[in-house]
Every structure is written in structure tokens, then in C-alpha cells.
There are 2 protein chains.
Amino acid sequence: MKTRFVLINTSHAGNVGAAARAMKTMGFDDLVLVAPRWANVLRREETIQRASGALDVLNNARIVATLDEALDGVSHLCATAMTPRDFGPPTAAPRAHFEMLLKSELLRHEALSQEAQNPSNPSGDTPADPCAAPQAGVAFLFGSERFGMTNEDVYRCHVALSIPTNPGFGSLNLGAAIQVIAYEWRQALGGFAVQDATPPRTLADAAQVAGMLSHWEQALTSIGFLDPAAPKKLMPRLNQLFNRAQLSPEEIHILRGVAKAMIETAQAKR
Amino acid sequence: MKTRFVLINTSHAGNVGAAARAMKTMGFDDLVLVAPRWANVLRREETIQRASGALDVLNNARIVATLDEALDGVSHLCATAMTPRDFGPPTAAPRAHFEMLLKSELLRHEALSQEAQNPSNPSGDTPADPCAAPQAGVAFLFGSERFGMTNEDVYRCHVALSIPTNPGFGSLNLGAAIQVIAYEWRQALGGFAVQDATPPRTLADAAQVAGMLSHWEQALTSIGFLDPAAPKKLMPRLNQLFNRAQLSPEEIHILRGVAKAMIETAQAKR
């Protein structure tokens, strides 16, 4: 779904850079600034520094004078607001709202495609043209660092998103708030895959573990730690420990090496 | 669960401030810095500025020389790592890992309390003393801004958390990464409630909506927009529109006022 981030009256150039970086990490690139404090904010040194490589998002960004000019092509407006209002859209946590939003979008698309397949239009009225359906798009609106969003801007929105925070300290930095919203929205859209930072592990099978344990039983007896006449629960305990550890074949190999060295040492001493 | 954030070799004072702020917004306060670049980082102006009121977290924070000194009382170590390693703990996305971690903690606690209730200990072994069970605690480790975590530090961890990001641009700012991890962990722990920023809406019942619609039918006829002889589907359409809008009693009142004014104007013109 088309996604736009709209920053209204942003004061700190660094936050514009942080916004671009946060958006890009989550795969979004449509940034619109409404009446920022600095007209040249997209080229300021602090902006570029904090964007840390998300220069394409900055180059793509538009600066406009009014909120109206920022909202072409988006149909669902999400305010981000902390301060209570006498009136306005319902408040929701991002995760719950995004889930609901995507479900209702899905239902709408299904209904549209059914109508397209069955154009007989039993209602007797002009049929809805699926191609004329507005491109659904969502915009996330962020107010200024010091004052947040104006009532006037909040009133236009479909929902006031509120990141659930510490009741005694709810104030996220603007860049941090954009990072959380962008992350949650990306997760809701299906997310990115996590790339394994380490090679995936294969697991040893139960026979390999049992073989290794019997090797250890022999080794622990040889070094005098296990008394075969009174074994207590030592081996079952080690079995449990190694079960929890989810050993790989390589680790079985290492542990067998240790057992072997114990036995050899014990034999050499005799 | 006891939660600690450990920042290793952090270079930028601003990021330490951002970390404190991000932690506090999610209700965490245990921050340990391992060998930061600046010995006085907790008192630097940039730190205090970016902490934006989370001074108690800074005042609480400890500076230590080695990772070892940072890990007392925590049993589960989460690395945060982007760069691939030849070897190390398994990689996981935060949301999935936290869910699993809390489930296994729950099972462990249930088992402990069952053992406490039933001290007969059929295994014939020394019983586990539930009070002696280590206080489970989790630490989130963050490496330096430029080089991330060393292999040596990653090897000690139980998991390498990876925030799912744009495959072409995965680099979150340190403060932003801490914000996302703190947010996800808080959500996993049950989250904070979202405070309504606007008063909750009551909904008009179907009888009120039907009464308003019949008022409008009369009004639209009076102004010549609706032809009672050929009403087409105008009223059902308006009915659908107002159903989607989920009207409140107050809005019914407003819409009835509009209908009344239409009728009065039409009558005055006659």
C-alpha cells in the first residue's frame, strides 16, 4: 500500500535526517515536509549527517506550504498525537490499528474483484468501476517537536495513533517515533526477512547424543568422578543438560574428543 | 523480568542520551555503559540534551570497564548484530524471539511452583529450591556505532537479535535500534495501555439513524433533490454512507438540524 510520511513544521534538521534514515531502513521513501522551519532543510549538513546514507529519500522529498498539498493520493490519514483533545478521531495503538486497517482493505479488494467478475449489477444502478476505485494509500502525520499536531490537522485524520508508552514519560523523540511507526507498519505489511547472521545449525540425532553420553560415562568412570556402583542420577542429569543445549554433530565430535582425552589421561597415569 | 541495556564502546554522547530517553519511554531504567569513548559521557551536554528529561536513567547508569562487570544478575544475553559471523548464537527477529523466551520462562515458573507445592520429590534427589532459582534477567547488548559488536562479545550471547530491515539499507541509528528493541520487549511483556486522546464515542442506535434518515428524506424532497415518484436508490445509499460513518447521537442531532433547516428554507421560499 502506498505509504507517505508527512512532517509538519519540523524544527530540527537532524530529525528530518533521522526520519529519512528510519523510513529507508523499513523500505519507505515518500517523505513530504509541510512548512519546515528551514527552507533548505533537505540540504543542511545536520540533515545529511543524520540521514546517514538515506540521501535518496531526501532527494525524493517534497517541501510544501500546506497540509492539503501533502495529501494527494492518500486516503487514510493517521495522526500521531499524545496530548488529549476535546474532539477528534479515535485513539488506537499502531499494531492493533494496522491489523484492522489491512483486514478492511482486504475485504474491500475482495468485494471489488467480485463486482468486476460479476458485472450484471443486480442493484439496477450504475456499476462501481473497479478501476475508478481510489488508490488506497496511507499517510502518517507528525507534528512539530515542541507542540505536536494542531487540532485543525488532527481533526482531518481517521485515527490518532498513540505509541503505548510509560504513563510517566511518554515523549518519544521525533525520529524514534517515526522509526517505531515505520517498523510496525512494515511488520503489518508482512515484514522483511531476517538474514541469518550465523550459519544455521543442524542438530545431532538422539542416537548420536546417546553414543556420546555412553562415551562420557566411560570417561567419567575412568577419571573417578562416576562410581558405577552408585551412579546416582549423574548420567540422566547430563542427558537433560545436553538435550537443552540442542547439540550439533560438530559439538558431539568435540565432546567425544574430551571423553577420549579423559580416558587416555587416566590410562597414562596408571 | 529484570531488563538491562548494555552499550559497549559507544562513541557519540548523543546516542547515550537517546538510549536513556528510549528506555524510559518504555519503562526501563537499567543502563550500563562498557568502556564508552567519553569517561564523562553521562554528564556531557549533548547526552543530557538528547535524554530530554530521562535524567533519572542517566543518574542510575553505571560505567564499567569490561562486559563481564555489566552482566551480574542477568541470565539471557541478546546480542544485536547485523554483520554475519562464521559462528555464534542463532539469529532471530525480536518479536518472535521475545514470544518464545517468555513462553519458556512461563513454563519454567510453572514447573518451579509445582515442585514447591509438591516437595515429596519422587526423583529421590535433592529437591530444587525455588528460592535458589536464579532471578531470570535479560540484557540487550549494543556494540559501537561504527563497528558493532566484537565476535568475542557475540559468542557469549544466547541469541543475535536482528531487526527486520530493508535488505538494501539495514542500518538503524543506535538510538533508533534501542527504541525498537525497548518497544518490542515492552509489548511482549504486556505493553502499556494507550490513553484515549479524545473522549470515547457512543454510537446512535438503529432507530435513531432511521428517524434521522426519514427526516432527511422529507427534507431532500422539500428542496427538490429527491423525487418521491422516482426515488432511485438515494435513501439506501445515504443509509449505507451513514452506517459506515458510525454516527453518534450528537451527530444525529446535527444532521436532523440540517434537515430541519432545509425544510424551513424550502417552506419560506414558497
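Chain B and chain A bury about 4,300 Å² between them. Of that area, 57% lies on carbon and sulfur atoms. The model is a predicted one. Interface size is often quoted in this way, as the accessible area lost when the parts come together. In residues, the contact takes 50 from chain B and 51 from chain A.

Next, the charged pairs. Side chains of opposite charge can pair when their charged atoms come close. Between chain B and chain A the count is 2 salt bridges. A salt bridge joins the side chains of B:Glu184 and A:Arg95, with 3.1 Å from N to O. Over all chains, the count comes to 18 salt bridges. One lies within chain A: A:Arg62 pairs with A:Asp72, and their closest N and O atoms are 3.4 Å apart. This pair links distant parts of the chain, 10 residues apart. A:Arg62 sits in strand β3 (residues 62-64) of chain A. A:Asp72 sits in the loop between β3 and β4 (76-80) of chain A.

Now turn to the helices. Two packed helices are described by the angle between their axes and the distance between the axes. In chain A, take helix α7 (residues 206-222) and helix α8 (residues 234-245). They pack at an angle of about 140°, with their axes 11 Å apart. The crossing of α7(A) and α8(A) is right-handed.

Which residues make this contact in chain A? From α7(A) come A:Val209, A:Met212, A:Leu213, A:Trp216, A:Glu217 and A:Leu220. They meet A:Leu234, A:Met235, A:Leu238, A:Asn239, A:Phe242 and A:Asn243 in α8(A). By class, the contact of α7(A) with α8(A) divides into 9 nonpolar, 2 polar and 1 charged residues.

Chain B has its own α7 and α8. Helix α7 (residues 206-222) of chain B packs against helix α8 (residues 234-245) of chain B at about 140°, and the axes lie 11 Å apart. α7(B) and α8(B) are therefore oblique to each other. Their crossing is right-handed. On the α7(B) side, the contact uses B:Val209, B:Met212, B:Leu213, B:Glu217 and B:Leu220. On the α8(B) side, the partners are B:Leu234, B:Met235, B:Leu238, B:Asn239, B:Phe242 and B:Asn243. The contact of α7(B) with α8(B) has 8 nonpolar, 2 polar and 1 charged residues.

Definitions and conventions:
Residues are numbered from 1 along each chain as its sequence is written. Chains are lettered from A and ligands numbered from 1 in the order in which they are written. This is a predicted model: local features need pLDDT of at least 70, side-chain atom pairs count only at pLDDT 80 or more; totals for chains, interfaces and linings use all residues. Side-chain values use heavy atoms; hydrogens and water are left out. Axes are lines fitted to C-alpha atoms, for helices over the stretch in contact, and angles run from 0 to 180 degrees between N-to-C directions. Helices (H or I, at least four residues) and strands (E, at least two) are DSSP runs, numbered from the N terminus. Angles under 35 degrees count as roughly parallel, over 145 as roughly antiparallel, 65 to 115 as roughly perpendicular and the rest as oblique. A crossing is left-handed if the near helix is turned anticlockwise from the far one by less than a right angle, and right-handed if clockwise. Contact means heavy atoms within 4.5 Å. Ala, Val, Leu, Ile, Met, Phe, Trp, Tyr, Cys and Pro count as nonpolar, Asp, Glu, Lys and Arg as charged, and the others, Gly among them, as polar. Buried area is the accessible area (1.4 Å probe) that two parts lose on being put together, summed over both. A salt bridge is a side-chain nitrogen of Lys or Arg within 4 Å of a carboxyl oxygen of Asp or Glu.
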